[in-house]
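Try each task before you read its solution.

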Amino acid sequence: MNKQHTALTLAVVGHTNTGKTSLLRTLTRNPEFGQVHDSPGTTRHVEGARLFVDSDVAIELFDTPGMEDSMALLDYLDQLAPPAERLDGPERIARFLESPESTRRFEQEARVLRQLLACDAGLYVVDVRDPLLGKHKDELTLLASCGHPLLPVLNFSQAPRQRLDSWRAGLARLGLHAMVEFDTVAPAIDGEAQLYDKLALLMDTHAGLLDRLKTEIQAQRAMRHRDALRLIAELLIDTAAYRVSAAPDDTALADATQELRHAVRHRENACVAALLKRYNFNTRDFPSHTLPLQGERWGMDLFHPSALKDMGIHVGKGMAAGAMAGATLDAFTAGLSLGTATLLGAAAGGLWQSADKLGKRVMGRLKGYRELSVDDALLRLLALRQLALVHALDHRGHAAREMIDINPYLEGNKKTLWHKGELPGALYEARSHPEWSTLGEHYTTDSRRKAAVDAVIAALKLA
Amino acid sequence: MPEPSGERPPAGRLRDHWIAEVIRLRETQWGPLDDGKEVRQVLARGGSFAERVLCRARRVGARDGLDETVDTWWRGARLTLLALAVLALFTGAGAAMGALGNGTHAVNLLLALVALLGLHTLTLLVWLLSGFLEPDNVSWLTNTWLWLTRKLAKGPQAALVPRALLELSNRTRTTRPLSGCISHGLWLIALLSALLTLMALLAARRYQFQWETTLLSADTFVWLTHALGWLPALAGFPLPDDTLIRASNGLQPLPDSANAVWSVWLAGCVVVYGIVPRLGLLLWNGWQARRGLGRLRVDETLPGFAELRERLLPVATHSTVDTPPPAVFTPQRRASSSVAAPPCPAALAGIELAPDLPWPPGPLPENVTDLGRVDSRTERHGLLQVLHDHPPERLLLVCDAGQTPDRGTVALLAELAGVAGHTQVLLLNHNTGRTPLWQQQLTQAGLPEQDLVTDIPAALRRLGTGNDTTGGARHE
């Protein structure tokens, strides 16, 4: 029998408040699925979700209410079908589903059992922080009576206080040897792959389908990462190329610094919002100042003097501090792209606007205007913060409800090229192309900018 | 008028990509647009991610009138191009008339050639040169055209339209071919008009051709005429012979046939050095542009497109919901039946405690019966049996607040409370944050709130003495 083309249906079952809806949220990458709350009986009906491979439904998952009263239900079953009758599991369950109590006291349990009977297999979600108790064993007895494969999913296995070993031992005693650790809040990078691998062991008729799903998930992950690095690279090029000009007096300089800072902050927030959207985490909190990010490092302003030190970024001597922190002052030369080729090209090709801009800049130079741009250390800071965010998003389940924490990455990676090494040459090139910055007024793009973005992406990949 | 071939009306694919690019620029610059309805429509239609991006853009564009903006800009751009073409027409004609003069003076051959082809040759060389230096460079004619359309466009949205076109052409590497189409096309018009004017004037008037020099010798002109005329001669334009060239120094009258030969030589130069290269480059660039635009794809990693992936091509969708749930079944404590002479005044039992929690939770007073931990179904039945047989006056049930109070546990507690005279529930680990849940569930089941306690020694003391006033800290 070839079941390759039919979707695999899975019932997500388990004791109440163990994270069944959370598992669906994480597997479907949808933080809006169902309702999640730390209390019993949050989900009270069956709710389905479909997972796609090449726009075909591969898996249909059903979130079910929690089992809460399995002991009393087993008592009731003994009453309905006494052991002496020697009915097998599915027959006993069928008799229960026809009984009056299946619509009253055991209404939730009846829904679960009915759904499991209708599905190919069940994922039994366990909160490994809870002790393995008699009621769990009774629950498994009931679920096993349905005669469908069950795969225990050990949720919260990354939590500090958990009883993973006792659950493994206990489940093995009940005859459930295939099981998978899957933390819905902080899933391992290959967590989903492991889950589908184990499932393929239980259901070899669907192994091909599950394999395709696994490949699809890996491809999606790679695509997300690629897109994320592009977003960061664009941020860095935009920021490196950005220039603000200021009249010679000090007030104008201070104003220009403020303008520069404001624009860069705004641009960083836009990048964060884009990343969150790409990873399908909540971005309803636009505008970006209410982003769900926590920790000193996010709270700390980009331009705060200790922001760099805190991130372990090497700060050279003579770096501007105080009112000018984060900004570099040029005497209007570095910003002029006076390369021979460019100049020739501009003159030869009659680059109308370029010449126009060039004229303005030369006039500015004559009048003693100065230009502000973002300094190297700030570029490092931006790159590290965004990389840390991407890392956090890569490791975050869609069931997570805490603030996004970028500290684990920063503590684990202290010596990347973004901390100390030489910045990619493309960023220096961007400094001499103010027109590359979308923050500026005269944004134009060309193939050199695209090449610079690609170079920065390559450097980000190394970090 | 030859229309530059890369500039077809923005129909179909190019227009879709164009509108998508305008929306992308707008969203990356000013934040996301509200597109809930459009995304639902796109999801219903299906297709690849690129198709979905274009479909969303089409719908959002139609809603916000962006397609109108694009079309308006396009009309303006065509109009500007037409105006430039007319200008080129007049310039060409003017150049020809200027080169030949009104016929009262003899035409200086070299100056006429420079007037007809000088600027053209110079710009052509610059264009070729700039191609090597800056591949993205755009000709100054194209820049003039873009600048003019910008002056005509109104509002920031309209300003995005040409920018989007530039982004698209940069991405497909067609900026230079497209710009070449415009500039070569305009030059072609100018040169054709110059040629036609030239022929018309030569047909209608009598011109004398001559060369003039102060410094150079006649041999130089012979050589120059041959050099310039060599290529046109290959194309069939006859070359003046040496004696004719030497005779055309303006000092002696020429026969009419000689002037005819010179006029054909001049026309040959305009055709071969002016019209043919421009036409060739126009065709070449047109072919390049057409091929480049044929390669037009949605760059899925671009900021503004990349973020749409999860929404336009979700890995999962919501499917079904079964019947809505009925009211929650809440277990209720039943009134305790009158109890005859209790054999034990006080009892203690642990309900569903983890094996690693200590038992009993503290030193027990003398008169308290320890009924042990109760977990499995058999243990539950045993406990209920014991309590029914010997109902205690005071019962203390110990639970773990770290667990979730499910319906089964609450039902058991309610049943046990119904058997004993006075029941209190002691919560261990009450600082785990689920204590309010226990409180809520037990209150719903009919256990009064003051019977839910968290202070272990006080609860055990009270269990021993039955004295309610010893002041054990209750859960607040």
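**Exercise 1.** Which side chains meet in a salt bridge at 2.8 Å, N to O?

Solution. The model is predicted: local features need pLDDT of at least 70, side-chain atom pairs count only at pLDDT 80 or more, and totals for chains, interfaces and linings use all residues. Residues are numbered from 1 along each chain as its sequence is written, chains are lettered from A and ligands numbered from 1 in the order written, and side-chain values use heavy atoms, without hydrogens and water.

- Apply the cut-off: a side-chain nitrogen of Lys or Arg within 4 Å of a carboxyl oxygen of Asp or Glu.
- The pair is Arg63(B) and Asp64(B).
- Check accessibility: buried is under 20% relative accessible area, exposed over 50%, partly exposed in between (1.4 Å probe, protein chains only).
- Arg63(B) is partly exposed at 38%; Asp64(B) is partly exposed at 26%.

**Exercise 2.** Find the salt-bridge partner of Asp238(A), and say whether each residue is buried or exposed.

Solution. 

- The partner is Arg267(A), with the closest N and O atoms 2.9 Å apart.
- Asp238(A) lies in helix α8 and Arg267(A) in helix α9 of chain A, so the pair ties together parts 29 residues apart in sequence. Helices are DSSP runs (H or I, at least four residues) and strands likewise (E, at least two), numbered from the N terminus.
- Asp238(A) is buried at 1%. Arg267(A) is buried at 14%.

**Exercise 3.** Give the strand order of the open sheet in chain B.

Solution. 

- The order is β5-β4-β6-β7-β8, with parallel pairing. Two strands pair if DSSP finds at least two bridges between them.
- β5 and β8 of chain B each have a single partner strand, so they stand at the edges.
- Val425(B) stands opposite Leu452(B) in β8(B).
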